[in-house]
Amino acid sequence: MTATIELTKVIVITEAHYEQEMLTSFQKLGIKGFTCMNCWGQGHHQVYDEPFMDHSQTRIEMITTDEIADSIVDFCRQPRFETHAITVYLESVRVRDPDKFIT
């Protein structure tokens, strides 16, 4: 069996208009890559409809170290985002080739 290493997957679900700002900030925090998906849903906030886009929310996933994951959580918990539909959570994942995810 090939050896694996445990890393952290960070999942951020946010309003679509924050996508590029967040990706730029996450890259500055040290992520190596990401996956974005259009999504929609409802939780604490009502469903938000963006009138000029085909989706209202974006799901951003990144696999990284615990340290960078914590920095991403801190970024998403800024007071300026408190009244917006932003959710961030972490999952432990095991990967075979950590160099694909971390530097």
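Modeller: Happy to. A word on terms before we start: strands here are DSSP runs of E, at least two residues long, and they are numbered from the N terminus. Keep in mind as well that this is a predicted model.

With that in hand, take Gln57, which sits in strand β3, a strand covering residues 57-64. Gln57 has a relative accessible area of 8%, so it counts as buried, the cut-off being under 20%. What is around it? Setting aside neighbours within four places in sequence, Gln57 is in contact with Thr14, Glu15, Ala16, Met37, Asn38, Cys39, Trp40, Gly41 and Ala85.

Now zoom out to the sheet. It's an open sheet of 4 strands, in the order β2-β3-β1-β4, and the pairing is antiparallel. At the edges are β2 (35-39) and β4 (87-95), each of which pairs on one side only. From one strand to the next, the twist averages 20°. If you follow β1 and β4, you'll find them paired in the antiparallel sense over 9 bridges, with Ile5 standing opposite Val95 in β4.

Strand β1 (residues 5-15) also holds Thr8. Thr8 is buried too, because its relative accessible area is 6%. Its side chain makes a polar contact of 2.4 Å with the side chain of Asp66. Beyond four places in sequence, the residues Thr8 touches include Met62, Ile63, Leu90 and Val93, along with Asp66 itself.

Next, the helices. Helix α1 (residues 19-29) lies across β1, β2 and β3, and runs at about 10° to β3. Helix α2 (residues 66-76) lies across β1, β3 and β4, this time running at about 15° to β1.

Then there's the nonpolar packing. The largest nonpolar core has 16 residues, and those with the most contacts inside it are Val12, Met22, Phe26, Met62, Ile72 and Cys76. Two or more residues each come from β1, α1, β3 and α2, and α2 gives the largest share, 5 residues.

Terms used:
Residues are numbered from 1 along each chain as its sequence is written. This is a predicted model: local features need pLDDT of at least 70, side-chain atom pairs count only at pLDDT 80 or more; totals for chains, interfaces and linings use all residues. Side-chain values use heavy atoms; hydrogens and water are left out. Buried means under 20% relative accessible area, exposed over 50%, partly exposed in between (1.4 Å probe, protein chains only). A polar contact is a pair of N or O atoms within 3.5 Å; within protein, one must be able to donate a hydrogen and the other to accept it, and residues adjacent in sequence count only if both atoms are side-chain atoms. Contact means heavy atoms within 4.5 Å. Two strands pair if DSSP finds at least two bridges between them. Axes are lines fitted to C-alpha atoms, for helices over the stretch in contact, and angles run from 0 to 180 degrees between N-to-C directions. A nonpolar core is a set of buried Ala, Val, Leu, Ile, Met, Phe, Trp, Tyr and Cys residues joined through side-chain atoms within 4.5 Å.
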